[in-house]
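Please read the points alongside the sequence and the model.

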Amino acid sequence: MRKAPELLAPAGSPEMMRTAFAFGADAIYAGQPRYSLRVRNNAFGDLAILGDAIAEAHAAGKQFFVVSNIYPHNAKLKTYLDDMAPVIALQPDALIMSDPGLIDMVRTRWPDQVIHLSVQSNTVNWAAVRFWQKMGISRVILSRELSLDEVAEIRQQCPDIELEVFVHGALCIAYSGRCLLSGYFNHRDPNQGTCTNSCRWDYKVSTSDGQPVNFYQNPEQEILLEERQRPGELMPIEEDEHGTYIMNSKDLRAIEHVHRLTEIGVDSLKIEGRTKSPYYVARTCQAYRQAIDDAVAGRPFDPTLLGELENLANRGYTDGFYQRHHDADYQNYLRGHSESDKSQYVGDAVAFDAARGLMRVAVKNRFALGDTVECVQPRGNLRSRIGRLENAAGEPVPVAPGSGHTVWIDLPAETAGAFVSRLF
């Protein structure tokens with residue numbers, strides 16, 4: 001039996017944390033808005049909520065890592081130690097950090113505090129890993145820009161430090177987050193946690209002469225870029241004839257490489273997505289938990305897991321830099337918009353009414369009588385066809401219209417608490 005790598009999941013709220021643990025995560029990471037790179041959809045700015053979550057994780061035998069990975073300007077240095085003192089007192093299992101100055105401040109004030117080096121530090125070679133190990137770092141989160149062979153070489157050269165890699169989630173168009181687009185457009189600095197994901201906005205192309213875009217027949221033609229919310233603000237670009245989301249990376253999905261990463265001896269496999277939904281965490285943790293368990297037991301990779309992750313809204317998938325591709329595969333030209341090919345998250349199974357034999361469902365997206373749904377739950381997923389559908393008042397209806405509504409459907413009692421997705 002090989003050593004099982006840790007499955008590390010994102011959490012923007014206690015609900016996401018509980019979902020991650022229920023679906024197989026060994027640890028979660030979360031950050032306070034002021035000092036991590038996720039300001040929005042983040043409940044952990046409240047110290048009471050953060051403390052309760054850390055205690056709950058420890059009671060369940062799980063780990064809770066606090067992200068503190070900004071590159072601060074001088075103003076934040078003045079408040080950092082005082083603000084972090086009550087956080088350290090809550091006994092997180094590690095701080096995830098990137099800035100050398102902040103790392104030095106923490107090492108000086110709290111020498112026993114475990115520190116993991118953030119992917120923001122862009123560690124791409126074994127010499128850098130050794131350097132950070134000398135600085136007291138116990139785990140290095142390697143850059144996303146490494147191949148499997150490069151990860152293996154780092155492991156061989158640095159056998160006595162923990163290594164962590166990303167296996168799923170959004171990818172940046174810049175070197176692991178070091179992007180200036182959001183700061184340029186919105187004056188919201190990605191490296192201060194306020195990225196607006198400008199690379200994922202809807203852009204169109206036009207020409208300065210009003211003629212159709214035809215780069216190949218007229219390579220000297222000036223092509224202009226226009227963002228949908230900024231009409232008239234034309235930016236010159238050089239581009240070919242493909243789609244309009246020209247800066248939008250595909251999403252990372254490296255589940256097919258879990259076996260190799262396990263063989264290499266990587267200590268932690270990380271899922272990106274602290275601003276995503278509990279449903280996202282459930283689906284990803286469930287799939288990667290199986291992939292890890294199969295790898296440790298020596299079972300072959302189950303290709304159906306690729307389809308399970310296709311059920312999540314995504315912008316097309318890539319395995320990033322783990323294997324070398326043609327340049328065109330790095331960029332998401334043909335599937336720029338968020339889409340889901342096989343299923344859609346439509347609601348939460350809240351409570352079962354035994355007298356009526358119906359489940360109360362909090363609706364998230366539209367579904368209808370006769371649809372086939374899948375109940376996603378830790379004990380195993382269950383599929384069912386909707387034969388009865390009633391509104392909140394108990395009246396038969398043909399459709400659950402969308403988010404904010406409550407309906408009753410004929411799901412089994414054991415699916416209470418499940419996420420409900422509609423199969424296409």
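A crossing of two helices is left-handed if the near helix is turned anticlockwise from the far one by less than a right angle, and right-handed if clockwise. The model is predicted: local features need pLDDT of at least 70, side-chain atom pairs count only at pLDDT 80 or more, and totals for chains, interfaces and linings use all residues. Residues are numbered from 1 along each chain as its sequence is written, and side-chain values use heavy atoms, with hydrogens and water left out. Helices (H or I, at least four residues) and strands (E, at least two) are DSSP runs numbered from the N terminus.

**Helices α5 and α6**

- Helix α5 covers residues 126-134 and helix α6 residues 148-157; their axes come within 9 Å and cross at roughly 45°. Axes are lines fitted to C-alpha atoms, for helices over the stretch in contact, and angles run from 0 to 180 degrees between N-to-C directions.
- This angle makes α5 oblique to α6, given that under 35 degrees counts as roughly parallel, over 145 as roughly antiparallel, 65 to 115 as roughly perpendicular and the rest as oblique.
- The crossing in which α5 passes α6 is right-handed.
- From α5, Trp-126, Val-129 and Arg-130 meet Glu-153, Ile-154 and Gln-157 of α6, contact meaning heavy atoms within 4.5 Å.
- The residues of this contact comprise 3 nonpolar, 1 polar and 2 charged (Ala, Val, Leu, Ile, Met, Phe, Trp, Tyr, Cys and Pro are nonpolar; Asp, Glu, Lys and Arg are charged; the others, Gly among them, are polar).

**Gln-32**

- Gln-32 lies in the loop between β2 (27-31) and α2 (47-59).
- Gln-32 has a relative accessible area of 12% and is therefore buried (buried is under 20%, exposed over 50%, partly exposed in between, with a 1.4 Å probe and protein chains only).
- Beyond its neighbours within four places in sequence, Gln-32 has contacts that include Asn-42, Phe-44, Leu-50, Val-67 and Met-84.

- In β3 (residues 63-68), 5 of 6 residues are buried.
- β2 pairs with β3 in the parallel sense over 5 bridges, where pairing requires that DSSP finds at least two bridges between two strands. Gly-31 stands opposite Val-67 in β3.
- β3 also pairs in the parallel sense with β4 (residues 94-97), over 4 bridges; here Phe-65 is opposite Ala-94.

**Strands β8 and β9**

- β8 (residues 203-207) and β9 run antiparallel and are joined by 5 bridges, with Thr-207 opposite Ile-223.
- In β9 (residues 223-227), 5 of 5 residues are buried.
- Ile-223, Leu-225 and Glu-227 point one way from β9, and Leu-224 and Glu-226 the other way.
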